[in-house]
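Open the model in a viewer and keep the sequence panel beside it. The stops below say what to select and what to look for there.

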Amino acid sequence: MTRTWIPGTPDAALTAIARTPRLVIALDFDGTASPFVVQPLSARALPEIVEQIERLSALPETIVAYVSGRSMQDLRVITEHDDDSRVALAGSHGAQYWFPGVGLAEPVPEARDGEREELWAAVRPIVEKYDGAEFEPKTFGVGVHTRGAAPDVEEPLFAEVDALIADRFPLWRRRQGHHVLEFSSRVEGKDAAMAALRAQFDATGILFAGDDVTDEDAMRVLGEDDLGVRVGEGETAAILRVGSPQEIAALLSVVADIRGAARE
């Protein structure tokens, strides 16, 4: 049963995850750490979230990670990430990783990865027919965004792209989220990212927060010592629900306060 967390109120599950011995805090980016924006590469985390990430990353046995459908190159841009960062990254829905002190960990290539340019060439002309739609090239596929388009654009555009993929790229993985449709040559999802982060950092608990359908892959594999947080409306396997990225900042502040006090 999912319950709504109200900033400023105590919660047993939140306290428990804050006190786990080795904590990974994994955040989706768009709609969770950052408000939605029309231009995908203009997204940035809220300053108050950046502040809490800095607090948490400075604590012992505490790792913060961004887990996103964005390609690693774009994810590093929007998170303003550099090689000295203490923040881990999982890009392309868990197909790419960057770990502090390690750097990039690229996946083993698959045969379909080589079809990427062919996919781009087929999808881009469709997207360009629709005013306000955005074409996003990805390392392992493509994203089609309609956040800046009129409401009547999304349905016909997505239908046309779906028909193309079904005809020419039927084995590519389809994902649809808030005003975005994407296809990937990789099968990894954010469930794979949870497993990779748990193994990499020997986590005793993961706090994962996300706002979209693709984030539910991660929510469903969290265990009893973990905590899922859903941002906004929609069906979810998360334990807690908050209303906005601003409330994620408030929640992270509580975790930092509890975790910091336990280590003083």
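Contact on this tour means heavy atoms within 4.5 Å. The model is predicted: local features need pLDDT of at least 70, side-chain atom pairs count only at pLDDT 80 or more, and totals for chains, interfaces and linings use all residues. Residues are numbered from 1 along each chain as its sequence is written, and side-chain values use heavy atoms, with hydrogens and water left out.

**Whole chain**

Start with a cartoon of the chain, which shows eight helices and 13 strands; helices (H or I, at least four residues) and strands (E, at least two) are DSSP runs, numbered from the N terminus. The radius of gyration is 18 Å, close to the 18 Å from the globule rule for 264 residues, so the chain is as compact as a globular protein of that length. That radius is taken over C-alpha atoms, and the globule rule is 2.2 Å times the number of residues to the power 0.38. Along the principal axes, the C-alpha atoms fill a box of roughly 60 × 40 × 30 Å.

Switch to a surface. The chain exposes about 11,700 Å², and carbon and sulfur atoms supply 52% of that area; accessible areas come from the Shrake-Rupley method with a 1.4 Å probe, and for residues only the protein chains shown count as cover. Of the 264 residues, 55% count as buried. Buried means under 20% relative accessible area, exposed over 50%, and partly exposed in between (1.4 Å probe, protein chains only). Among contacts with a separation of 6 or more, 58% join residues 24 or more positions apart.

Now colour by charge. There are 26 positive and 45 negative side chains, with the centres of the two sets 3 Å apart. Lys and Arg count as positive and Asp and Glu as negative, while His and the chain ends are not counted; the place of a charge is taken as NZ of Lys, CZ of Arg, CG of Asp or CD of Glu.

Select residues 245-262, which form helix 8. This helix has 18 residues and reaches 26 Å from its first C-alpha to its last, close to the 26 Å expected at 1.5 Å a residue; the expected span is 1.5 Å times one less than the number of residues. Its buried residues include Pro245, Ile248, Leu251, Val255 and Arg259.

Show Leu252, also in helix 8. At 1% relative accessibility, Leu252 is buried. Beyond its neighbours within four places in sequence, Leu252 is in contact with Ile25, Leu27, Ile49, Gln52 and Leu56. Draw a distance from Leu252 to Glu48: the two are 204 residues apart along the chain, and their C-alpha atoms are separated by 9.6 Å.

Step back to Gly243, in the loop between strand 13 (240-242) and helix 8. Is Gly243 buried or exposed? Its relative accessible area is 54%, so Gly243 is exposed. Outside four places in sequence, Gly243 is in contact with Val231 and Gly232.

Select residues 116-128, helix 4. Leu119, Trp120, Ala122, Val123, Ile126 and Val127 are buried in helix 4. The cover over these buried residues includes strand 7, strand 8 (141-145) and helix 5 (154-168).

Move to strand 7 (residues 134-138) and pick Lys138. Lys138 is buried, with a relative accessible area of 7%. Not counting residues up to four places away, Lys138 touches Gly69, Arg70, Ser71, Arg116, Trp120, Gly143 and Glu182.

**Helix 6**

Select residues 190-201, helix 6, and show Leu197. Leu197 has 0% relative accessibility and is buried. Leu197 and Ala209 are 12 residues apart in sequence and 14 Å apart in space, C-alpha to C-alpha.

**The loop between strands 4 and 5**

Finish in the loop between strand 4 (88-91) and strand 5 (96-99), where Ser92 sits. Ser92 is not a glycine, yet has a positive phi of about 55°. Ser92 is buried at 9% relative accessibility. His93 lies in the loop between strand 4 and strand 5, and has a positive phi of about 60° although it is not a glycine. At 4% relative accessibility, His93 is buried.
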